[in-house]
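Dear colleague,

I am passing on a structure for you to look through, together with some notes on what came out of it. Please open it first and keep it beside the text as you read.

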Amino acid sequence: MWWSIPLIAIIGLTFYGCPSQQNLSSSGDAAQKVYVAPGEHDEFYGMFSGGYSGQMPVYGLPSGRHLYTIPVFSQAPVNGYGYNEETKPMLMTSHGYIPWDDAHHPEGSQTDGELDGRWVFINANNTPRIARIDLTNFQTAEIIEIPNSAGNHASSFVTVNTEYVSAATRFSIPMDENLENMDVPISSYADNFKGTISFIKVGDEGEMSVDFQILVPGFNYDLSHAGKGPSEDWAFFTSYNSEQAHTLLERNASRNDKDFIAAINWRKAADLVAEGAGEDIPGEHYRNYMDHSEQRAKSELIETVRVLDPSEHPGIIYYLPTPKSPHGVDVDPTGRYIVAGGKLSSVLPVHSFEKIQQAIENEDYEGEIDGIPVLNYESIVQAEVENAGIGTLHTEFDGNGYAYTTAFISSEIVKWSLETFEVVDRIDTYYSPGHLMIPGGDTRNPDGKYLVALNKITKDRYLPTGPELFHSAQLIDISGDKMELLLDFPTDGEPHYAQGIRADLVIENQIKFYELEENNHPDVTKTEGDARVERDGNDVHVYITSIRSHFTPDNIEGVKVGDTVYFHLTNIEQDWDVPHGFAVMGAQTAELLVMPGETRTLVWNPKKVGVFPFYCTDFCSALHQEMQGYVRVSPEDSDVEISYRTGTQSE
Ligand code: CUA
């Protein structure tokens, strides 16, 4: 059988490439399982991180069809997100406007430990932020910056009732109440650098606020998952670089036999903060949110953040020794087991929540770091899964008593039993999986039908596209005893994690268009009769409407070189899937793509004298090519007055 190829051969294949033909398990049977007939819908939404695209591509599963890409942390020319005036504030940070980030881990909102289809959260790794996507319209509704953090990797994971989204620093940084003391030599790392683990409170409407941060030793905090069931008051964070190296980490941070999982009693910490514990320290950060009534994003600057020092608050954090530079940390559906992906470890350690509680009760410590008790490894480990592959990274669960772990180096997914902790099946992946995703696979109630391997290396899987290739996902049937590869599909950006959400949780709440009468944008134009052009000094405001297949007005004169022209376009259609686009020649920004009932603003600084066309960019009707207009731009000292019209032909 091909899945029993010896490990050494698998490694060989991984690094030297193998002809795709030899793993063609895709029989007619497999094709049938992923076939979604024309006009039919997929069973699951796959919400994938875009990695360095900064966006969230959405795929249908099991078909692997690319349905949509949600613009999140990066500008999106396709619809003007981050280019138009209404969405620019979404990308505001304490470093100024940032048009890009590296998005890693989407996580669906949960109620009682199950996906509820309201929101998906996703983190920005580079300039630490968390975004909340509203699944009624698949738009980014809010982005909050995380202060006192650098490399927001261990994010964005939710607690069982979405009370909190958590985040942690990958890169520790100098921390001091006095900002001038942040200017320190890098060699003073061990003395001055600290990490923070942040808990972002999520309100009933989804609104986010940084409730508190826990100050932790200057390790690198890598990944996280919240507990569930008996462990639901806890959250777990892997760390590496307990050596506190600040250079050549590949060697200097790989010395210790064990690093740690930080186990945090978030409920206890939150209760303490509610009672006034902790200290407010400087922590400038932006919260950006979409004002749905006004259809535009707004930004607010928050100056401080509440910080808890664990040495003053015993019982909120413990370190679980874990071999060796662990990466992923995953909690099984019962909430009893905490699985760490020891990327340099030969075994896969499984901690027992019950044993952790016992060890805490018995003060069964093997040491203490900065006031944080280190539990005794032997006392808390339930099992070490043997032969779970080389370079184990991440684990998800099927809800039927099995766990599935990715092994990056041996390029496989390994299925093991949560009862015997023995490997029961393994399947090759092409190539080198990072995360994996089972719909609901990190919740209390997984849908154990499909597994998606998110592979880091593509090589020969598709027609070559030069040196740069899309990444590759593989859909695997996990409904039987043996895993079966069903489908390869290319993915945009670098998908890290993903969430699979049952379509029926999402589709019933879909918004199809915006009600024009509920549009309270200050620059809305609700009827063609209200369309107009107004000059205000050097600013020209064009209040313009679109409906199949014309703009009102479509002839505009009196604009001058040196003016700033604001095209406030309202799409007055009230019909699903009839957006109009807008672009004007020489504009130094992207088009607008405006949904029915929506207002969007494009800013244009005309640099040349002449007559410049504008047109609809979205093929909206048979007469789409007729949907156009002209702006006359006169010299700076011209006395041409503002005028505008539609449908007035000269004799
Ligand atoms: Cu409106 Cu094309």
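Which are the buried residues of helix H5 (residues 266-274)? In this model, which is predicted, they are Trp 266, Ala 269, Ala 270 and Val 273. Around the axis these residues cover an arc of only 100°, which puts them on the same side of H5. Their cover includes several strands, among them S11 (164-168), S13 (193-202) and S14 (208-217), and also S16 (234-240), S17 (258-265) and S19 (296-308). Just after H5 comes Gly 276, whose phi is positive at about 105°.

As to the chain as a whole, it holds eight helices and 46 strands. Its radius of gyration is 27 Å, close to the 26 Å that the globule rule gives for 651 residues, so the chain is as compact as a globular protein of that length. Taken along the principal axes, the box filled by the C-alpha atoms is roughly 90 × 65 × 40 Å. Of the 651 residues, 58% count as buried, and among contacts between residues at least 6 apart in sequence, 62% join residues that are at least 24 apart.

The peptide bond from Leu 61 to Pro 62 is cis, with omega near 20°, and Pro 62 lies in the loop between strand S2 (56-61) and strand S3 (66-70). Another cis peptide bond runs from Ser 155 to Ser 156, with omega near 0°; Ser 156 has its place in the loop between strand S9 (139-145) and strand S10 (157-158).

Asn 387, in the loop between strand S26 (381-385) and strand S27 (392-397), has a phi near 60°. Ser 432, which is found in the loop between strand S30 (423-428) and strand S31 (433-437), has a positive phi of about 55°. Is Ser 432 buried or exposed? Ser 432 is buried, its relative accessible area being 0%.

Technical notes
Residues numbered from 1 in each chain as written. Predicted model: local features only at pLDDT ≥ 70, side-chain atom pairs only at ≥ 80, totals over all residues. Heavy atoms only, no water. Helix = DSSP H or I, 4+ residues; strand = E, 2+ residues; numbered from the N terminus. Rg over C-alpha atoms; globule rule 2.2 N^0.38 Å. Buried < 20%, exposed > 50% of the residue type's maximum accessible area, 1.4 Å probe, protein only. Contact = heavy atoms within 4.5 Å. Arc of directions from axis to C-beta.
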